[in-house]
Amino acid sequence: HYVRLSPAVKTADPQRIEVTEVFAYSCPHCYRFEPLLEAWQKRQPQDVQLVQLHVAWNAATQVLARGYYTTQALQVKARTHPAVFAALHVQGKG
């Protein structure tokens, strides 16, 4: 289910459907939601683009957000994204 925004929000690619997830590595709900989101993403057609937006509302989330966007810039997110979640929620680091 979704709600159509009015006025429409400009997307990165107007030819694709953009779905934005706002998350934080430190959020336990986001950690539990991640496998569901990954499974959902694999089922989507090519015209659906998932955009993940890491929140930065305090010093702790700002550090995690910088790390997240750095992994995107370095194109290593596929390897580091699950590792950061695991470090915080499984290994108790952070």
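**Chat on a predicted single-chain model**

User: Where does arginine 66 lie?
Analyst: Arginine 66 lies in helix H2, residues 59-73. Helices (H or I, at least four residues) and strands (E, at least two) are DSSP runs, numbered from the N terminus. The model is predicted, so local features need pLDDT of at least 70 and side-chain atom pairs count only at pLDDT 80 or more, whereas totals for chains, interfaces and linings use all residues. Residues are numbered from 1 along each chain as its sequence is written, and side-chain values use heavy atoms, with hydrogens and water left out.

User: Is arginine 66 buried or exposed?
Analyst: Arginine 66 counts as exposed because its relative accessibility is 54%. Buried means under 20% relative accessible area, exposed over 50%, and partly exposed in between (1.4 Å probe, protein chains only).

User: And how many Å separate its C-alpha from that of valine 22?
Analyst: The two C-alpha atoms are separated by 15 Å, while the residues are 44 residues apart along the chain.

User: What is the overall layout, then?
Analyst: The pattern along the sequence is β-α-β-α-α, with 3 helices and 2 strands. The C-alpha trace spans about 40 × 30 × 25 Å along its principal axes. Of the 94 residues, 23% are buried. Among contacts (heavy atoms within 4.5 Å) between residues at least 6 apart in sequence, 64% join residues at least 24 apart.

User: Turning to H1, which residue does it bend at?
Analyst: H1 bends by about 35° at glutamate 34, and proline 35 follows within four residues. The bend at a residue is the angle between axes fitted to the seven residues ending there and the seven starting there.

User: What span should H1 have, and what is the distance between its end C-alpha atoms?
Analyst: H1 (residues 28-42) has 15 residues and should span 21 Å at 1.5 Å a residue; its end C-alpha atoms are 22 Å apart, which agrees. The expected span is 1.5 Å times one less than the number of residues.

User: Which residues of H1 are buried?
Analyst: They are Cys30, Glu34 and Leu37. Their cover includes strand S1 (17-23), S2 and helix H3 (77-89).

User: What about histidine 81: buried or exposed?
Analyst: Histidine 81, in helix H3, is buried because its relative accessible area is 4%. Leaving aside neighbours within four places in sequence, histidine 81 is in contact with Phe23, Tyr25, Glu34, Gln52 and Tyr68.

User: Which residues form a nonpolar patch on the surface?
Analyst: Val22, Leu53 and Tyr69 form that patch, with about 250 Å² of accessible area together. Accessible areas come from the Shrake-Rupley method with a 1.4 Å probe, and for residues only the protein chains shown count as cover. Leucine 53 is in strand S2, residues 48-54, and is partly exposed because its relative accessible area is 40%.

User: Which peptide bond is cis?
Analyst: The bond from serine 6 to proline 7 is cis, with omega near 5°. Proline 7 lies in the segment before S1.

User: What is phi of glutamine 75?
Analyst: Phi of glutamine 75 is near 60°, a positive value in a residue other than glycine. Glutamine 75 lies in the loop between H2 and H3 and counts as exposed because its relative accessibility is 73%.

How values were computed. Patches are made of residues with over 30% relative accessible area and no salt bridge: like charges are joined within 9 Å, nonpolar side chains (Val, Leu, Ile, Met, Phe, Trp, Tyr) within 5 Å. A salt bridge is a side-chain nitrogen of Lys or Arg within 4 Å of a carboxyl oxygen of Asp or Glu.
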